[in-house]
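Subject: Structure handover

Hello,

Here is the structure I said I would pass on. Please open it beside this email and look up each part as you read.

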Amino acid sequence: MGECLKQVELPRGLGYRMPAEWEPHAATWLTWPYSKDWPGKLPAVRWVFCEIVRQLSRGERVRLIVKSAAAVRGVSKQLREADVDVSRVDFFHHQTDRTWARDNLPLFVTNEGGQLGAVKWRFNGWGRYPDYKLDDQAGLAVARSSAPQHWQPTATIAGKAKRLVLEGGSVDVDGLGTLLTTRRCLLGSPFTRNPGITQAQVEQALSDYLGASHVIWLEDGIAGDDTSGHIDDFARFVGPGRVVVSSTDDKRHADYEPLRAARRVLAQARDARGKKLDVVGLPMPEAVHYQRERLPASYANFYIGNECVLVPTFNDPADRLALNIFAELFPDRRVVGIHALDLVVGLGTLHCSTQQEPLGARAGVEIGCAPR
C-alpha cells in the first residue's frame, strides 16, 4: 500500500464535513496542462486555462501545479500575457500525468473550529488508464502540505484492508449532509474502482470521510464520458435543497432516456434534512465530436468560485439559455462563459479541471508566488 498519510480519528468523528462548492474558498487548485489529452489542441487549451485563472483570481487565490520550479517563469509569462495578476497565483511543483485536478487532488473538509482537513482517496486513472501514478503522488503531496489533518480512506474488501479509489468528479455535495453520485461509477462499471465493495461500504466511507449522511444514487452519466458516469457532467447542487440536472427534449439524443431517468429520481428524492429537492433543468448542447469521437459536452460541468460562476460554452444556441439559467441561480456572482470546444477534447471541462480549497486554518504550502 506504500507510505500512508497520518491517520488518527476519522474526519466525521472529529466534526469534519465537505463544504458545498458555493461556500467561501481560500483558493482554487488547477494543474497546468502539459499532457497528451489534447492532440493538436494544447496551445489553445493553455489559453483557456489562462482565462480560468484570470477570472477566478479576481475573487480568490489560485494554486497552480506545474512540473518544476524551472517551469514557473514560462507559465508566469503566458499568464501575464493573458492579463492575469500573477501576485494572486501560487505555484506548487510536482510532476503529473494529466490535468484533471478534480479527480486526483484531495477533497478538502472543514470542522466547526475552522480547521482544514484533506481526504486523499486513491487515484487509479479512472480504472482505465495505466499512467496515473504521478497524479496520485501529486494529490498526496498536496494533502500533506495543505492541511494539519489528512487521511487516506480505507475499507476491508474480501478480508483485506485496501485504500479506496474515488474521484472528486464522481460526487457532489450540498454541505448539509447530502451527496449525489452514480451507481455506474462507484458500483457497477466494467472499470469498477473498488472491486467487491458493497453499496453499504461506499455509503459508510462517504459518511466517515466527507460527512455525508444521505446519498442519492443516480444510475449513469452522459455519452462520451470516459469516467463511467461522473455526476459532475449532468447533475449538481447549486444551493441548499436545489439541484440542476441536464435534460433534452430530443428523443434521438443519446442521453435522452438516462437524463429523464435521473430527473425522475431527483424529483422524488429528499435531502439529508428530509426536504424535497427543487430540480432545475439545464439544456444540453448539440452533440460535439472530434476525430469521430463523441465528447462529454455539458453545461453541468460548471465551477462555482467565490465571486463568479464559470460555465463551459460550445458555440451552441443553447449557450445563452444555460448562461441565463445560471444568472438566475447565482444573482450575487458574475456568470462567465468559458469557451470549451478545445478543452472538451480532453474529455472534461471546467469542473474537471478545478478543485476548491475551502476557508480553514491550514499548514503552510511550500510554494512561492510567481515572479513579478
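This is a predicted model: local features need pLDDT of at least 70, side-chain atom pairs count only at pLDDT 80 or more; totals for chains, interfaces and linings use all residues.

Cores

The largest nonpolar core has 78 residues. Inside it, Leu64, Leu79, Leu266 and Phe326 have the most contacts. Helix α1 (residues 42-56) gives the largest share of this core, with 8 residues. Another core, of 25 residues, lies apart from it, and Trp121, Leu164, Leu186 and Ala205 are among its members.

To see how parts of the chain come together, select Phe326. With its neighbours within four places in sequence left aside, Phe326 is in contact with Leu282, Tyr299, Phe302, Val309, Val311 and Val335.

Helix α6

Helix α6 covers residues 199-210, which is 12 residues.

The buried residues of α6 are Val202, Ala205, Leu206, Ser207, Asp208, Tyr209 and Leu210. One of these, Ala205, also belongs to the core of 25 residues. When you look along a helix, remember that an α-helix has 3.6 residues a turn, so residues three or four places apart point the same way. After α6 comes Gly211, which has a positive phi, near 75 degrees.

Is Val171 buried or exposed? Val171 counts as buried because its relative accessibility is 3%, and buried means under 20%. Val171 sits in the loop between β8 (160-163) and β9 (172-173). Beyond its neighbours within four places in sequence, Val171 is in contact with Leu107, Leu166, Leu179, Leu180, Thr181, Leu206 and Ile231. Among these, Leu206 is one of the buried residues of α6. Val171 and Leu186 are 15 residues apart in sequence, and their C-alpha atoms are 9.5 Å apart in space.

Val89 lies in strand β3 (residues 89-93). Val89 has 0% relative accessibility and therefore counts as buried. From Val89 to His230 there are 141 residues in sequence and 29 Å in space, C-alpha to C-alpha.

The largest pocket

The largest pocket holds about 300 Å³ of space. Of the 21 residues that line it, Asp37, Asp226, Val345, Gly346 and Leu347 are the closest to its centre. Which classes of residue make up the lining? There are 9 nonpolar, 5 polar and 7 charged residues.

Regards

Definitions and conventions
Residues are numbered from 1 along each chain as its sequence is written. Side-chain values use heavy atoms; hydrogens and water are left out. A nonpolar core is a set of buried Ala, Val, Leu, Ile, Met, Phe, Trp, Tyr and Cys residues joined through side-chain atoms within 4.5 Å. Buried means under 20% relative accessible area, exposed over 50%, partly exposed in between (1.4 Å probe, protein chains only). Helices (H or I, at least four residues) and strands (E, at least two) are DSSP runs, numbered from the N terminus. Contact means heavy atoms within 4.5 Å. The expected span of a helix is 1.5 Å times one less than its number of residues. On a 1 Å grid over the protein atoms alone, a cavity is a set of points where a 1.4 Å probe fits but cannot get out, and a pocket is an open set with protein on both sides within 12 Å along at least five of seven lines; lining residues have an atom within 4 Å of a point. Grid points are joined across faces, edges and corners, and a volume is the space filled by probe spheres set on the points. Ala, Val, Leu, Ile, Met, Phe, Trp, Tyr, Cys and Pro count as nonpolar, Asp, Glu, Lys and Arg as charged, and the others, Gly among them, as polar.
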